[in-house]
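User: Please take a close look at one helix of this chain and at the strands around it. I would like a connected account that I can follow residue by residue.

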Amino acid sequence: DKTLDTMLYQKLQEDQFKKEMFEDKLENSFLEQKELLDYFKTKKGFVVTYGLAEVWRDKKTKGVFWRGVPNKVFSPEMHESVTSTVEENVNNMKRIADLIHKTCGEDKHIIYTLSPVPLAATFQNRPTMVSDCVSKSILRVALDEYFRKHNPKNVYYWPSFEMVRWVGPHIEVPTLFEDNTTRHVNNSIVSIIIDNFVKAFFKN
């Protein structure tokens, strides 16, 4: 369940898709980026799953870090954990879709989803379950606002989040219980989500 926040998605994609800047210096990682970008261009669509609104960032530059800051380099004077806003996430969602379409083609289909897997911990001054609710709520509202505000072409939302977190109280099968943990989605529910996803987005 490795999911990323929208700020990191945007940063990764901007780094990934700016191959024109490195055309004469494609060594090692640049070559790998070019190969990955060429691979992306052969695909008809992309599924982008968002996971959390909490991010770690540099206090001075406001740059977002990859997941948490390692203990050996953490400094309270330099690093902070914050909850990104709805507006920030809406802007990032637009930027991500724009980058994909600009670089890989306007005809590429993009499917946004929200991970139903709950947070395991929080660095905010509140209980984890509260942070989980706030984090998922911000991203879900951001997704709704993004689609209402921009009405993007060839970009869709798939409600896997709702199928797990909101359908649960209305069915007999637990939606969140697998591998002896309530943080993992039940395999039977995963099968239902995938089957319906295929029916919705793939022609027979």
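Analyst: Helix α3 covers residues 86-104, and its 19 residues reach 27 Å from the first C-alpha to the last, close to the 27 Å expected at 1.5 Å a residue. The model is a predicted one.

Which residues of α3 are buried? They are Asn 89, Val 90, Asn 92, Met 93, Ile 96, Ala 97, Leu 99, Ile 100, His 101, Thr 103 and Cys 104. An α-helix has 3.6 residues a turn, so residues three or four places apart point the same way. The buried set of α3 includes Asn 89, Met 93, Ile 96 and Ile 100.

Cys 104 belongs to that set, and it counts as buried because its relative accessible area is 9%, under the 20% cut-off. Cys 133 has a relative accessible area of 47%, so it counts as partly exposed. The whole structure holds 0 disulfides. Just after α3, Gly 105 takes a positive phi of about 125°.

With a relative accessibility of 13%, Phe 46 counts as buried. The C-alpha atoms of Phe 46 and Tyr 112 are separated by 8.5 Å, although the two residues are 66 apart along the chain.

Strand β4 takes in residues 109-114; 5 of its 6 residues are buried, so the rest of the structure largely encloses it. β4 pairs with β1 in the parallel sense over 6 bridges, and Val 47 stands opposite Ile 111 of β4. β4 is also joined to strand β5, residues 155-157, by 3 bridges, and this pair runs parallel as well. There, Ile 110 stands opposite Val 155 of β5.

Arg 57 sits in β2, residues 54-58. Is its position buried or exposed? Arg 57 is buried, because its relative accessible area of 19% is under 20%. Its side chain makes a polar contact of 2.8 Å with the side chain of Glu 80. Beyond its sequence neighbours up to four places away, Arg 57 touches Lys 62, Gly 63, Val 64, Phe 65, Met 78, His 79, Glu 80 and Val 82.

As for the chain that holds these parts, it has 6 helices and 5 strands. From the N terminus on, the elements run α-α-β-β-β-α-β-α-β-α-α. Of its 204 residues, 41% count as buried. Among contacts with a separation of 6 or more, 68% come from residues 24 or more positions apart. The accessible surface of the chain comes to about 12700 Å², and 55% of this belongs to carbon and sulfur atoms.

Conventions
Residues numbered from 1 in each chain as written. Predicted model: local features only at pLDDT ≥ 70, side-chain atom pairs only at ≥ 80, totals over all residues. Heavy atoms only, no water. Helix = DSSP H or I, 4+ residues; strand = E, 2+ residues; numbered from the N terminus. Buried < 20%, exposed > 50% of the residue type's maximum accessible area, 1.4 Å probe, protein only. Polar contact = N/O pair within 3.5 Å; in protein donor to acceptor, adjacent residues only side chain to side chain. Contact = heavy atoms within 4.5 Å. Areas by Shrake-Rupley, 256 points an atom, 1.4 Å probe, with all protein chains shown as cover. Disulfide = S-S within 2.5 Å. Expected span 1.5 Å × (residues − 1). Pairing = 2+ DSSP bridges.
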